[in-house]
Amino acid sequence: MKPLEQIRNFCIVAHVDHGKSTLADRILQLTHSIEDRNFRDQVLDSMDLERERGITIKSHPVTMQYMAKDGLVYDFNLIDTPGHVDFNYEVSRSMAACEGAVLVVDVAQGVEAQTVANTYLAMENNLEVIPVLNKIDLPNADVEGSIRQIRDVLGIEMKERLCISAKTGSGVTELMEAIVREIPPPKGTREETLRALVFDSVYDSFRGVIAYVRVMQGCLRSGDKILLMATGGTTVIKEVGVFKPKQLAVDSLGAGEVGYFVSTIKLPAELKIGDTVTSAVAPAVTPLPGFKRVRPMVFSGVYPITADDHERLKHGIEKLSLNDSAFTHMSESSAVLGFGFRCGFLGLLHMEIVQERLRREFDLNIINTYPSVVYRVFMRDGTSIELDNPINLPDPTHIEHIEEPMIRASIICHNENIGDVMKLVRDRRGALDRTDSIDQLRVMLICTLPLNEILVDFHDLLKSVSHGYASMDYDYAGYVASDVVRMDILLNSEPVDAFSCMVHRTKAQSRGRDICALLKDAIPAHMFAIPVQAALNKTIIARETIRALRKDVTAKCYGGDVSRKRKLLDRQKEGKKRMKLVGKVNIPQKAFISVLKAGM
């Protein structure tokens, strides 16, 4: 085991696309942690989705050895983290296993919204922050401007000017020396009672649950019997190891080290992220602080296309929820879609990633209902409920008022785009709280908006009105009373619960017209006319009609009395009336998809 003075635990944080994963690649190469023949760009982004989208979704730990200029060999435990706001919880979990953070700033873009959020998160975790200026090889690099922004916006004075190019490797060696100097070694001793923090986990079909841990004190060895303090369960360690970057078994993990353990735990529900691992023979008195409980912000129904896939869907959801504690699920049923699950997510990108992983990793074809947020419904009898599914809204005559969740958004944009961004915020029922100038070209707008208004297309519209230059980060800002109502969609006078949604009363009519128009185009014609209606409390506010297919029953009538044709047409008309009473509307999957893509 390495002495504690020769261990450095740190993470790399930054805004999206500022070069976190590329910097991790260069450090891996300079420490010779991976052979050149096995190297590829974004080597720590192991998921196909990460490589396709060019983003980091999961945190990735790796242990490296670095020969410093003082002649000592240091163990670098690096955790590459996501940059998107939806995966902010991954960043906070990674920081709990570190003593320092390398903050990467793109000198062509400057300080962005997520740069600010990650810096504050690192400070809350009492980490030593090392700001680094990346992409200095770009022709539009503004080093001096970025240094001013780090000082003025983040409140950090750069002790030394660390200018690097993660792409070419220029300046990365100087950064590694700064990591040795600036980031403190871990505390704790290996003689104390074992306490280790579970900061992540994955499921392996052959070995069961694999827990990622940071040992705070004591020692973790193969064969030890351990206690999981949060659940009270005990298990026996079968293997401990480190990430090189692939899993490599070792004899033991001591205080200050990051690694994994494989035990007799087979079910995902038996392990909790943030739990404290201690010895079952001589357990610790108090657990580690762990993580604050994260609450999902967006809910959506997930249903299999065929009922036979329900068990496979349940299995896939349980596996994904193991290493993503922000993802929640519970069983629910729909009159139209059958049995499925009500799933909770941190945001829309988080929802997209989970759904895509279900399709790819478990070969499932699924249907998703429109995403909604959690409302607080206050009843006239003094009670209150939390509503995550519009179908469960109580009778409006029993409701005192409804509150909706709000967010406080930090939007950074160019000065010439302020008017367009403010108009977008106002259109989404938001309010501008204040503006802060970052430099001569950019400004930060602090706004308060309803979470429901930014769910689907707000980010796309923000990029559109700012020509791609605006960035946004947001925090939860509590609940406020709002005139929110449930809008039902009726097909052939029958409500379809999968299309029900909560909307603000002022936007209900326009939203209802849009949905009815979409469904008219997406649902194929039947043998009878189908009215498509939007309703508020049984009051119809919008309508479209899908015209009936018409068979030419007079095709064989040649000449003769017109009454013969009239008799055939009247008989067809009567038949269609009877069919409308008993006929069911077939809703294809593309109808659900079209409504979702259009943002309802």
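Do keep in mind, as you look around, that the model is predicted. The partner of Lys423 is Asp427: their side chains meet in a salt bridge, with 3.1 Å from N to O. Asp427 is also partly exposed, at 41% relative accessibility. Both residues belong to helix 9, which covers residues 418-427, and because they sit four residues apart there, about one helical turn separates them.

Elsewhere, salt bridges with shared partners link Glu404, Arg429, Glu453 and Lys507 into one network.

## Other charged pairs

Side chains of opposite charge can pair when their charged atoms come close. With a cut-off of 4 Å between a side-chain nitrogen of Lys or Arg and a carboxyl oxygen of Asp or Glu, the count for this model comes to 22 salt bridges.

One of them joins Glu160 and Arg181, whose closest N and O atoms are 2.5 Å apart. Glu160 is in the loop between helix 5 (143-152) and helix 6 (172-182), while Arg181 is in helix 6, so the pair ties together parts that are 21 residues apart in sequence. How accessible are the two ends? Glu160 is partly exposed at 30% relative accessibility, and Arg181 is partly exposed at 49%.

## Helix 8 and its surroundings

Helix 8 runs over residues 348-361, which makes 14 residues. From its first C-alpha to its last, helix 8 reaches 20 Å, close to the 20 Å expected at 1.5 Å a residue. Which residues of helix 8 are buried? They are Leu348, Leu349, His350, Met351, Ile353, Val354, Gln355, Arg357 and Leu358.

After helix 8 comes Asp363, which has a positive phi, near 55°.

Strand 15 spans residues 298-304 and is mostly covered, with seven of its seven residues buried. In a regular strand the side chains alternate between the two faces of the sheet. Here, both faces are covered: one side carries Val298, Ser300, Val302 and Pro304, the other carries Phe299, Gly301 and Tyr303, and all are buried.

Which strands pair with strand 15? Strand 17 (residues 338-345) pairs with strand 15 in the antiparallel sense over five bridges, and Val302 stands opposite Phe341 of strand 17. Strand 18 (residues 366-368) also pairs with strand 15 in the antiparallel sense, over three bridges. In that pairing, Pro304 stands opposite Ile366.

## A buried loop residue

Is Phe528 buried or exposed? With a relative accessible area of 4%, Phe528 is buried, because buried means under 20%. Phe528 and Asn492 are 36 residues apart in sequence, and their C-alpha atoms are 9.7 Å apart in space.

Key
Residues are numbered from 1 along each chain as its sequence is written. This is a predicted model: local features need pLDDT of at least 70, side-chain atom pairs count only at pLDDT 80 or more; totals for chains, interfaces and linings use all residues. Side-chain values use heavy atoms; hydrogens and water are left out. Buried means under 20% relative accessible area, exposed over 50%, partly exposed in between (1.4 Å probe, protein chains only). Helices (H or I, at least four residues) and strands (E, at least two) are DSSP runs, numbered from the N terminus. Two strands pair if DSSP finds at least two bridges between them. The expected span of a helix is 1.5 Å times one less than its number of residues.
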